[in-house]
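Subject: Structure handover

Hi,

Here is the structure I promised you. Please open it first, then read my notes below.

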Amino acid sequence: MMDLIRKTSTGKPAWTRMSALLFATAFLLSTCQSAAPAPVATSPVGDAPAAVVWEFLDSVQSDSSVDVNAKYLTPALQDEISSGHPIPELLAIQDRYNSFGVDPSRLLEDGQHAIVTAGLNYGSPVLRAFVLSKTSGSWQIETIISYSEPLNEISADIQDSSLVVLQYVWDLANGASDAAWGLLTSDTQALISQDQLASSAAETKQFSLTGLTLLSELQDRTIYELRLWVTVDGNSTTWTQGENLRFAELMNTPDGWRIASFSDQPLS
């Protein structure tokens with residue numbers, strides 16, 4: 001697995017935002033069951049990150065507007081959405097959920113990030129992972145990750161491919177086109193330069209992964225559907241303001257999973 005934990009001046013690991021995302025993915029892949037957390041009637045006591053998620057979901061049930069719920073989100077996440085786009089888009093849902101349940105939080109080693117899983121109950125439950133960060137003593141939701149594929153059905157030898165997808169998105173979002181380019185297969189590297197990759201990323205102010213769906217799973221090849229929330233920088237030829245769909249094909253190479261195609265059109 002790629003080294004995603006930076007070292008502080010004391011030599012201790014410092015969790016980056018990408019580390020938190022990858023932790024959330026690995027944690028969910030290894031522990032989530034098909035059933036959602038049981039509904040909780042009141043906000044959790046003594047668990048601040050879980051309480052923030054509970055209050056957020058409780059508030060969204062009655063009023064899903066961005067303005068009402070912005071206080072639960074980090075400023076960066078607020079910047080990724082506008083008042084014209086309701087919170088359900090951020091949660092990747094269409095209809096109001098009947099009830100919800102929130103699991104206890106899992107604190108990361110830096111003490112400044114936490115992972116909370118929640119179940120939104122319809123006819124059948126759907127799971128969402130919330131990555132929270134702590135700023136000035138207050139917890140806020142930094143990222144929401146949705147999965148359309150039941151996580152416990154993904155084979156163990158396929159799981160690392162999802163981490164490569166997350167790393168690729170993170171690299172592009174943070175202007176690390178050289179690192180993103182390094183996650184492409186050699187054949188794909190021959191078709192696109194680092195400068196072209198950097199040019200595409202420069203058309204956005206911010207973007208984040210809000211949905212990841214495994215569409216196809218073979219021994220050495222996987223295809224994912226990605227939902228990305230994008231804030232464009234001026235006129236973009238690659239991205240549109242709001243939700244963008246992308247499709248990633250990954251191949252298992254001698255160097256590990258690498259991206260063979262990243263397209264705005266479905267792959268087969």
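Start with Asp171, which counts as buried because its relative accessibility is 7%. Buried means under 20% relative accessible area, exposed means over 50%, and partly exposed lies in between, with a 1.4 Å probe and protein chains only.

Two notes before you go on. This is a predicted model, where local features need pLDDT of at least 70 and side-chain atom pairs count only at pLDDT 80 or more, while totals for chains, interfaces and linings use all residues. Residues are numbered from 1 along each chain as its sequence is written, and side-chain values use heavy atoms, with hydrogens and water left out.

Back to Asp171. It lies in helix H6, residues 159-173. Helices (DSSP runs of H or I, at least four residues) and strands (E, at least two) are numbered from the N terminus. The side chain of Asp171 makes a polar contact with the side chain of Gln167, at 2.7 Å. A polar contact is a pair of N or O atoms within 3.5 Å; within protein, one must be able to donate a hydrogen and the other to accept it, and residues adjacent in sequence count only if both atoms are side-chain atoms. Leaving out residues up to four places away in sequence, Asp171 touches Ala176, Ser177, Ala179, Ala180 and Leu183. Contact here means heavy atoms within 4.5 Å.

Now the whole chain. It has nine helices and eleven strands. Of its 268 residues, 48% count as buried. Take the contacts between residues at least 6 apart in sequence: 53% of them join residues at least 24 apart.

Next, look at helix H2, residues 48-62. Among the buried ones are Trp54, Phe56 and Leu57.

Which residue pairs with Phe56 in an aromatic pair? First, the rule: rings of Phe, Tyr and Trp (its six-membered ring) pair if their centres lie within 6.5 Å; planes under 30 degrees apart count as stacked, over 60 as edge-to-face and the rest as tilted. The count comes to five aromatic pairs. Phe56 pairs with Tyr72, edge-to-face, at 6.0 Å centre to centre and 70° between the planes. Phe56 is in helix H2 and Tyr72 is in the loop between helices H3 (66-69) and H4 (75-79), so the pair ties together parts 16 residues apart in sequence. Both Phe56 and Tyr72 are buried.

Best wishes

Methods:
Expected span 1.5 Å × (residues − 1).
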